[in-house]
Amino acid sequence: MAQERQRVLVARRLFPEISERLAEYFEVDAHQLTEPLSAEELAERLQGCAGALITGTERIDAALLAACPQLRAVCSMAVGFNNIDVPACTARRVLATNAPGVLTETTADFGFALMMATARRMAESEHWLRAGHWKQWSYDLFAGSDVHGATLGILGMGRIGQAIAKRGALGFDMKVAYHNRSRLSQADEAAVGARYLSLHDLLRQADHLVIVVPYTPQTHHLIGANELALMKPTATLTNIARGGVVDDAALAAALRERRIAAAGLDVFEGEPTVHPGLLTVPNVVLTPHIASASLPTRRAMAELAASNLIAALTGGQPPTPLNPEAVA
Ligand code: 8YV
């Protein structure tokens, strides 16, 4: 009798070829709707599943794992994994994987673009033009701040932070400074043209601050009212990391009172809901968590998650495990 195939869930609507590839190995249940599964629906759909391909938005916590005892692998196509309780996965011998590397350059491109759009007031001026306000030239019409030659402050110097640093140092002649939990080696600092500063010095010196730290209990509201108060009134803040690293209410107040010049935000506390104070100030560029959204990169992210899932459930070596000890 043929051996029963393992079941896997593809928890979000994705490229059809991902499900087709998984179907060569597994019985695949692919969620087809753009609307995500609720926590209850996710637990229900995972019944009897050995694996799940997820994104950065499905919560994998102890309660879900307890409700899905057959689960052996949870493979995310996001690099950030604050939605996965990795120790809880390890305790249940569930392998968890993320998707580092494949989105680095695309995400760095977007972070740099968002910082530039913020500094040069692109969204604000575009809305104004569309609204029919453009009647004449004026010397200070949407005059912003320069990017080239300015001090780029990078908070979080992992792969994406380093890729942004290179863009600033090599492409735009910026003075690049950074703060990170651990300092880079001298060779790595030289390679990306960045010097290390304390968080407070970084906030004081940056003309353009770009935030790229992972979201953890330690980075929750890392940037709040006190930190914003250290920034230059001419400075911009760009967040492509996670909502929750910045206190959005404090940021909205700082923008409204022009205590900093402008912000560019791709991530929000409680997204897709956006703090109402951010929706009503003009000096902020708002995008819906799309920093990794080029089609080739989204495909590469999904492919990496699928490779992890196939390896995890067929006795192979998953390329990017978060808790290899879970199955050691
Ligand atoms: C994802 C991201 O698009 O990889 C991450 O950590 O934030 C984005 O690239 C998002 O998490 C959905 O998976």
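A polar contact is a pair of N or O atoms within 3.5 Å; within protein, one must be able to donate a hydrogen and the other to accept it, and residues adjacent in sequence count only if both atoms are side-chain atoms. This is a predicted model: local features need pLDDT of at least 70, side-chain atom pairs count only at pLDDT 80 or more, and totals for chains, interfaces and linings use all residues. Side-chain values use heavy atoms, without hydrogens or water, and residue numbers run from 1 along each chain as its sequence is written.

View 1. A polar backbone atom of Gly56 sits 2.9 Å from a ligand oxygen. For Arg242, a side-chain N or O atom is 2.7 Å from an oxygen atom of the ligand. Ser292 places a polar side-chain atom 2.7 Å from a ligand oxygen. The ligand alone exposes 330 Å², and the protein buries 86% of that (Shrake-Rupley method, 1.4 Å probe; for residues, only the protein chains shown count as cover).

**View 2. Leu141 and a nonpolar surface patch.** Leu129, Trp134 and Leu141 make a patch of about 310 Å². Patches take residues with over 30% relative accessible area and no salt bridge; like charges are joined within 9 Å, nonpolar side chains (Val, Leu, Ile, Met, Phe, Trp, Tyr) within 5 Å. A salt bridge puts a side-chain nitrogen of Lys or Arg within 4 Å of a carboxyl oxygen of Asp or Glu. Leu141 has a relative accessible area of 32%.

**View 3. Ala249 and Gly171.** Ala249 has a relative accessible area of 38%. Its C-alpha atom is 34 Å from that of Gly171, 78 residues apart along the chain.

Note on methods: Buried means under 20% relative accessible area, exposed over 50%, partly exposed in between (1.4 Å probe, protein chains only).
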